[in-house]
Amino acid sequence: MARQASAGELRTRIYIRRMDKSSDDEGITAETEESVFPPGADGTERVWHCKWVNAYGTEAVTAMQLQIREPATLTMRYSDKIQADCLIYRLGDPEPYQIISINDVEERHTWLEVKVCRKQAAQ
């Protein structure tokens, strides 16, 4: 696993969103997804870059035993807005990934190492 990445390795573009729960006057709860980052200068959702490494070898075998779908490790620049309850979308992929764990590498607030898997319904 990479503990850091060069700028050229941050090739995968992702969107990072958080579920926002709100209720109306009648008490009906609605969930919407909102970007954790403010929109770009052109008003569109901001894209974040990361290094995406799919699980392989013993890590992939362990994930299959635990019934984890499509595990991956992302290395990206640090942001305190990225939390465990966020959803991650790869650019062009409509199905989200959920965060399994977040590691602030060496507690330096420079790099994040994020473990993700495909979002699954509750069992």
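Residues are numbered from 1 along each chain as its sequence is written, and side-chain values use heavy atoms, without hydrogens and water. Because the model is predicted, local features need pLDDT of at least 70 and side-chain atom pairs count only at pLDDT 80 or more, while totals for chains, interfaces and linings use all residues.

Trainee: How many disulfides does the model contain?

Mentor: A disulfide is taken as a pair of cysteine sulfur atoms within 2.5 Å. For Cys-86, the nearest cysteine sulfur is that of Cys-50, 14 Å away. The sulfur of Cys-117 is 14 Å from its closest counterpart, in Cys-86, and this is too far for a bond. The count of disulfides is 0.

Trainee: Is Cys-117 buried or exposed?

Mentor: Buried means under 20% relative accessible area, exposed over 50%, and partly exposed in between, with a 1.4 Å probe and protein chains only. The relative accessible area of Cys-117 is 5%, so Cys-117 is buried.

Trainee: How are the rings of Phe-37 and Trp-48 arranged?

Mentor: Rings of Phe, Tyr and Trp (its six-membered ring) pair if their centres lie within 6.5 Å; planes under 30 degrees apart count as stacked, over 60 as edge-to-face and the rest as tilted. Phe-37 lies in the loop between strand 2 (29-35) and strand 3, whereas Trp-48 is in strand 3; strands are DSSP runs (E, at least two residues), numbered from the N terminus. Their ring centres are 4.4 Å apart and the planes meet at 10°, so the pair is stacked.

Trainee: Which residue forms an aromatic pair with Trp-52?

Mentor: Trp-52 belongs to strand 3, and its partner is found in strand 6, 45 residues apart. The centres are separated by 4.9 Å with 75° between the planes, an edge-to-face arrangement. The partner is Tyr-97.

Trainee: Which residue places its charged end over the ring of Trp-52?

Mentor: A charge sits over a ring if NZ of Lys or CZ of Arg is within 6 Å of the ring centre and within 35 degrees of the ring normal. Here the charged end lies 4.3 Å from the centre of the Trp-52 ring, and the residue is Arg-90.

Trainee: With which side chain does the side chain of Thr-73 make a polar contact?

Mentor: Thr-73 lies in strand 4 (residues 72-77) and is buried, at 4% relative accessible area. A polar contact is a pair of N or O atoms within 3.5 Å; within protein, one must be able to donate a hydrogen and the other to accept it, and residues adjacent in sequence count only if both atoms are side-chain atoms. At 3.4 Å, the partner side chain is that of Lys-115.

Definitions and conventions:
Helix = DSSP H or I, 4+ residues; strand = E, 2+ residues; numbered from the N terminus.
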